[in-house]
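Good morning, and thank you for the time on today's agenda. Please have the sequence and the structure in view.

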Amino acid sequence: MAGRRSAWTSRLRVVVASLVLLAGCMADSAGPAPSAAPVSAEVTPPPTALTVLDVGDGGASAIATSAALFRSAPVVVVTGGPDQAAAGGIAARLGAPVLLAPTAGPPDALRRELTRLSPRAVLAVGAGARPAAEEAAGAVPVLAVDPATPEPPEGLPDTRPPAPVGVTVLVDAARDDAAAAATARAAGARVVTVHGTDPRADRAAAGALRTDPPATVLAVGAGFGPADRLRTRLEVVRRGVELPGGGQVLFPGRRLVCLYGHPGAPVLGVLGEQGVEGAVARAKEHAARYEPLSEVPVVPAFEIIATVAQGAPGADGDYSGEADVESLRPWVEAAGREGLYVLLDLQPGRARLLDQAKRYAPLLELPHVGLAADPEWKLGPDQVPLAQIGGMDAAEINETAAWLADLTARAALPQKLLVVHQFQLSMIRDEPSLETGHDELAVLVHVDGQGGTAQKTATWNSVVAARPHDGVPMGWKNFYDEDHPMLTPEQTMAYRPTPVMISYQ
């Protein structure tokens, strides 16, 4: 019995050995065992379609961008300021976020972000980055990279870039956000650099955003916000309608040279001294005289008196005659076809400024049409035109400005110009409270005094000093008959601040 059991055990050992040998042969014929699959960072878009990161530039923006796009990363790149270009190249190949080593103090923020990302390795690009990287990384291996030969070192996890995150990241060219931009690109985001923080004002950035409209936007820096304002600006960019002379923001970027008056009424200004075709040609001739003197393009324009103050009350009792919209449309549309800007000037009499402005909403909905208020002709309940100089409360102008800004935003139009005429300080009551902050509008104070040069200069100086703040752009008017003498373009452009709107009456 014992002999038979011993023989059975021997045969079993032979079988097992044969199976082991067979398995080894099969493994050899199949080749070496496959290595582990490459790993990639886990990226995700922000939870909202539009996010503005309220952070400083440099290290703060790099960390904030990493936190907004990366949930984890097998490799993180840490670098110093001078080596960001080399670090960005490595990060793009690996799909890794780029963080900056602090120049002073403990790397607490860097440590928190590394802990959150849970990397298997940290690359320190540049000798200056290694000490901070090692202090912040804890037990995670830190591998040094020479920025002069920026090749990933041996010992890194096998990584590949993540699938594109589907986000457009806006960065301000004036800030130090190279690491943030590199982090965004490593996540597969598209980066659009904006010169300034208003994409409407940068034609290259606007073109990029219009050609490929983003579904999700991450803007780096508080200057892009607030989010609602940026959202409205991006709607304007997406619609793509531009102003005469190009772009979607009025100033700086153009200078207007206007003919002032009412169609068919030469007594009211030079605009009415000829038909629409002749007026277009004349406006272009005036504008051409300023081209050699202007650092920005000069755009010809019409300032059309849409409501004319009258000596009689009229049927509505407001001492203001309102031109019909359809009577003005041929002039407005011809101007638009010829690349002219148009202002509709209101002389309200006893009417409410806002009520008159609303009358012309069908024309103001056109992108090349703005509004002008003439407080000289705003009358009290017992006043009549030409008996005194009128005046308007800033609150009444502000009410109209708010309405015009809302109209502009709802139609996703480029900025509109709101001109306020003034040659006596009493014409704008409570002027410091004049609202000039609507993003949809450019508010301009236009000095339209007449007479001798010394008198006009004194008026200019007093009006300039009284404007709500130094950034409010200024306009100037030259009168053919009332000025003694009428200034040349060179003399007109010598005033400071330089007028960005010059009109002729």
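First, a word on the basis. This is a predicted model, in which local features need pLDDT of at least 70, side-chain atom pairs count only at pLDDT 80 or more, and totals for chains, interfaces and linings use all residues. Residues are numbered from 1 along each chain as its sequence is written, and side-chain values use heavy atoms, with hydrogens and water left out.

Let us turn to the outline. The protein chain contains 15 helices and 21 strands; these are DSSP runs, H or I of at least four residues for helices and E of at least two for strands, numbered from the N terminus. Its C-alpha trace spans about 140 × 45 × 40 Å along the principal axes. The radius of gyration of the protein chain is 34 Å, whereas a compact globule of 505 residues would have one near 23 Å. That radius is taken over C-alpha atoms, and the globule rule is 2.2 Å times the number of residues to the power 0.38.

How much of the chain is buried? Of its 505 residues, 51% count as buried, where buried means under 20% relative accessible area, exposed over 50%, and partly exposed in between, with a 1.4 Å probe and protein chains only. Among contacts (heavy atoms within 4.5 Å) between residues at least 6 apart in sequence, 73% join residues at least 24 apart.

Now the interior. A nonpolar core is a set of buried Ala, Val, Leu, Ile, Met, Phe, Trp, Tyr and Cys residues joined through side-chain atoms within 4.5 Å. The largest has 61 residues, and Phe302, Ile304, Leu344 and Tyr360 have the most contacts inside it. Helix α13, residues 394-410, gives the most to this core, with seven residues. A second, separate core comprises 55 residues, among them Ala68, Leu99, Ala124 and Ala186. Returning to Ile304, its contacts beyond four places in sequence include Pro263, Leu271, Trp331 and Leu344.

Next, helix α4, residues 108-117. Which of its residues are buried? They are Leu110, Glu113, Leu114 and Leu117. Seen down the helix axis, these buried residues fall within an arc of 100 degrees, so they line one face of α4; the arc is that of the directions from the helix axis to the C-beta atoms. In general, an α-helix has 3.6 residues a turn, so residues three or four places apart point the same way. On the other side of α4, Arg112 and Thr115 are exposed. The cover over the buried residues of α4 includes α2 (59-69), β4 (75-79), β6 (121-125) and α5 (130-137). After α4 comes Ser118, with a positive phi near 55 degrees.

Finally, the backbone. The peptide bond from Gly225 to Pro226 is cis, with omega near 0 degrees, and Pro226 sits in the loop between β10 (217-220) and α8 (227-239). The bond from His484 to Pro485 is also cis, with omega near -5 degrees.

Two residues other than glycine have a positive phi: Ala412, near 50 degrees, and Asp430, near 60 degrees. Are they buried or exposed? Ala412 counts as buried, at 11% relative accessibility, while Asp430 is exposed, with a relative accessible area of 55%.
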